[in-house]
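Visitor: Please take me through one part of this model closely. I would like to see how it packs against its neighbors.

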Amino acid sequence: MQKRLSGSLLVALAASFFGLAHVLGPMTYGAEGNNVFTLLLLNNLFALPVMAAAMKLCHISFRCSRNAVLPLLVLGALGTAGTSLCLNASFLFAGVGIGTMLHMSYLVVVELADAVLLRQRITAAVVVTLLMIGLGVFFLASSDLGEGSSLPGIFLSLLSGCLYALYWLGISHTAARQEHPIRVQFYASLIAAVVLLIYAVGTDQLAVASMTRRAWVLNLGASFCSSVLGFLLTQIGIRQIGAAEAAILGALEPLTSVVLGAVLLGEALPALKLLGCLCILAGIFIKPISQLLHRPAAKT
């Protein structure tokens, strides 16, 4: 019980840090001289010395098992770099709201894949949970619905959701699960940084020369929130409570972005977005409440 509680708390904290990173990242664009591709590259580069120092302090070896090499390559190239590139590229075609809404499809993919892999039955509580979270994300994205979207944007955002689900399932069901979380994140960030550097240079999107001092500081903060705390806490949480339950708590990410956007950036909170937040919160609590109600009574 204590392990489940701590795992749930870690995933919730990770979602909150990801939400904060989503607020800090865009603050480096425009006049600050940064762009999304440089932001993602620096997010992973900044994380490397932090992870390396943590490994040295905790006496964690840099050597991983032979069975974990392929999963780490997939987690870094597809689960980390691929997810970030597809999601942010989808915003150019479909808008941030719709892109984020379709990206949250990873919740469904993780729930279904985890049920198949573990041969578990999908309960009515899980179905209602996913519907409530989906409805909440739809309400949060409603402000962008009038902007229109295109087939490439829809495809890229759905692909980002599938790749992110691959990251969650890889942590939960491959040899990477046996590796130390800090070691896994170090190599995932390293591989993602290489992939993103090749992409940024190849498409002439590297903007480090034009970034202001404020952009560097904000980028560093976004990196620490996402590539260090976000992914690391997510890993530990998944190991403790499983990918399916962790994915539901991951729905706190868009909710946190909305709340922090209002607090830090003064963004408006219309009634429809507030309703979306309430739907997500309700969806998150449906499954644990259902489990509590159906728990067998203790024998006296």
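Visitor: What orientation do H8 and H9 have to each other?

Guide: H8 and H9 are oblique to each other (under 35 degrees is roughly parallel, over 145 roughly antiparallel, 65 to 115 roughly perpendicular, the rest oblique). Their axes come within 10 Å and cross at roughly 135 degrees (lines fitted to C-alpha atoms over the stretch in contact, with angles from 0 to 180 degrees between N-to-C directions).

This is a predicted model: local features need pLDDT of at least 70, side-chain atom pairs need 80 or more, and totals for chains, interfaces and linings use all residues. Residues are numbered from 1 along each chain, and side-chain values use heavy atoms, without hydrogens and water.

First, the setting. The chain has twelve helices and zero strands (DSSP runs numbered from the N terminus: helices H or I of at least four residues, strands E of at least two). Of the 300 residues, 51% are buried (under 20% relative accessible area; over 50% is exposed, in between partly exposed; 1.4 Å probe, protein chains only). Among contacts with a separation of 6 or more, 90% join residues 24 or more positions apart (heavy atoms within 4.5 Å).

Back to H8 and H9. H8 covers residues 181-202, and H9 covers 213-241. H8 passes H9 in a right-handed crossing (the near helix is turned clockwise from the far one by less than a right angle; anticlockwise is left-handed). On the H8 side, Pro181, Ile182, Val184, Gln185 and Ser189 make the contact. H9 brings Ser227, Phe231, Leu232, Gln235, Ile236 and Arg239. By class, that is six nonpolar, four polar and one charged (Ala, Val, Leu, Ile, Met, Phe, Trp, Tyr, Cys and Pro are nonpolar; Asp, Glu, Lys and Arg charged; the others, Gly among them, polar).

Now look at the loop between H8 and H9. Asp204 lies there. Asp204 has a positive phi of about 55 degrees, yet it is not a glycine. Its relative accessibility is 68%, so Asp204 counts as exposed.

Next, turn to H7, residues 151-173. H7 packs on H9 at about 50 degrees, and the axes are 9 Å apart. H7 and H9 are therefore oblique to each other. H7 passes H9 in a right-handed crossing. Tyr164, Tyr167, Trp168, Ile171 and Ser172 of H7 make the contact. They meet Phe231, Thr234, Gln235 and Ile238 of H9. Six of these residues are nonpolar, three are polar and none is charged. Phe231 and Gln235 also belong to the contact with H8.

H1, residues 2-24, is another partner of H9. The angle is about 155 degrees, and the axes lie 7 Å apart. H1 and H9 are therefore roughly antiparallel. H1 passes H9 in a left-handed crossing. The residues of this contact divide into 18 nonpolar, nine polar and two charged.

Leaving out residues up to four places away in sequence, Ser223 touches Leu42, Asn43, Phe46, Ala47 and Val228.

Helix H2 spans residues 36-57, and the loop from H2 to H3 holds His59. His59, too, is not a glycine and has a positive phi of about 55 degrees. At 75% relative accessibility, His59 counts as exposed.
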